[in-house]
Amino acid sequence: MGKLNCMKKTLAIISWLIFTGSTLLLTLAFYFNLNQVSKPIQRPRITYSTSESIVSKPVLPEVLGAFTFSVKTDDAIPEIIKNYLKKYDSPLLPEADYLIATAEKYNLDSRLLLAIAQQESNLCKKIPDDSHNCWGWGIHSQGTLKFSSYQEAIEVVAKGLSQNYIRKGLITPEEIMSIYTPLSEGSWAKGVQQFLDEME
């Protein structure tokens with residue numbers, strides 16, 4: 001009887017040890033897995049050097065459909081126009097604000113006015129004497145149209161471009177060229193487009 005009780009106690013102890021050990025192992029395994037899941041994902045990093053130090057940044061996942069673009073606002077136009085006139089040392093620089101306001105009055109892009117003036121007269125640096133005509137407006141074999149001032153020329157040309165070209169659907173340099181200077185084989189339109197691109 002005593003021997004039987006001793007065996008029962010031994011089995012009970014062994015069972016308890018097995019149960020406790022299994023529980024401990026399961027607890028440790030669960031804890032280890034939980035730690036692995038809760039760790040933040042380590043993204044690969046790229047490293048590049050600057051003149052002063054080495055900088056390391058995480059590589060972010062690519063976002064499909066993402067793109068960048070720039071938009072010219074009305075607020076940017078005056079600065080573009082003035083910088084362009086300064087760059088080429090144009091006599092039109094003092095009239096920049098008037099040119100912009102007049103173009104707006106006729107729903108015209110002021111950059112188009114400048115691009116045509118650049119093509120026709122190198123921004124008013126090569127014009128008939130005392131004509132203020134930077135756009136080749138009304139210049140033909142029978143004579144040259146002259147204006148009393150740059151402001152008068154800007155007013156007439158802006159109004160004429162708006163009414164006789166833009167409102168009739170002639171918008172691109174190629175379309176404008178077909179009436180403005182029909183004898184050109186395309187160089188006029190290419191020049192105007194090049195100058196427009198400079199003001200982007």
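**Figure 1. Order of the secondary structure elements in the predicted model.** From the N terminus on, the elements of the chain run α-β-β-α-α-α-α-α-α. This comes to seven helices and two strands in a model that is predicted. Of the 200 residues of the chain, 28% count as buried. Among contacts between residues at least 6 apart in sequence, 44% join residues at least 24 apart.

**Figure 2. Confidence along the chain.** The mean pLDDT of the chain is 77, and 62% of its residues reach 70 or more. Over residues 36-71 the pLDDT is below 50.

Figure 3. Helix α3 spans residues 96-105, and its buried residues are Ala96, Leu99, Ile100, Thr102 and Ala103. Seen down the axis of α3, these buried residues fall within an arc of 165 degrees, so they line one face of the helix. The face turned away from the buried side carries the exposed residues Asp97, Glu104 and Lys105. The cover over the buried residues of α3 includes α2 (77-87), α4 (110-121) and α5 (150-164). Just after α3, Asn107 takes a positive phi of about 50 degrees.

Figure 4. Tyr88 is found in the loop between α2 and α3. Not counting residues up to four places away in sequence, Tyr88 touches Gln118, Leu123, Lys125 and Glu198. One of these, Gln118, is 30 residues from Tyr88 in sequence, and the two C-alpha atoms are 9.4 Å apart in space.

**Figure 5. Ile116 in helix α4.** Ile116 lies in helix α4. With a relative accessible area of 0%, Ile116 falls under the 20% limit and is therefore buried. Leaving aside neighbours within four places in sequence, Ile116 is in contact with Cys134, Trp135, Leu161, Tyr180, Trp188 and Val192. The C-alpha atoms of Ile116 and Leu196 are separated by 9.0 Å, while the two residues are 80 apart along the chain.

**Figure 6. The buried side of helix α6.** Helix α6 covers residues 173-180, and its buried residues are Pro173, Ile176, Met177 and Tyr180. Around the helix axis they cover an arc of only 105 degrees, which puts them on the same side of α6. What covers these buried residues includes α4, α5 and α7. Tyr180, one of the buried residues of α6, is also among the contacts of Ile116.

**Figure 7. The largest pocket and its lining.** The largest pocket has a volume of about 220 Å³. Its lining is made up of Asn107, Leu108, Asp109, Arg111, Leu112, Ile166, Ile171, Pro173, Gln193, Leu196 and Glu200. The elements that give two or more residues to this lining are α4 and α7 (187-198). By class, the lining has six nonpolar, two polar and three charged residues. Asn107, part of the lining, is the residue with a positive phi just after α3. Pro173 lines the pocket and is one of the buried residues of α6. Leu196, also in the lining, is the residue whose C-alpha atom is 9.0 Å from that of Ile116.

Notes. Residues are numbered from 1 along each chain as its sequence is written. This is a predicted model: local features need pLDDT of at least 70, side-chain atom pairs count only at pLDDT 80 or more; totals for chains, interfaces and linings use all residues. Side-chain values use heavy atoms; hydrogens and water are left out. pLDDT is the predictor's confidence in each residue, from 0 to 100. Contact means heavy atoms within 4.5 Å. Buried means under 20% relative accessible area, exposed over 50%, partly exposed in between (1.4 Å probe, protein chains only). Helices (H or I, at least four residues) and strands (E, at least two) are DSSP runs, numbered from the N terminus. The arc is that of the directions from the helix axis to the C-beta atoms. On a 1 Å grid over the protein atoms alone, a cavity is a set of points where a 1.4 Å probe fits but cannot get out, and a pocket is an open set with protein on both sides within 12 Å along at least five of seven lines; lining residues have an atom within 4 Å of a point. Grid points are joined across faces, edges and corners, and a volume is the space filled by probe spheres set on the points. Ala, Val, Leu, Ile, Met, Phe, Trp, Tyr, Cys and Pro count as nonpolar, Asp, Glu, Lys and Arg as charged, and the others, Gly among them, as polar.
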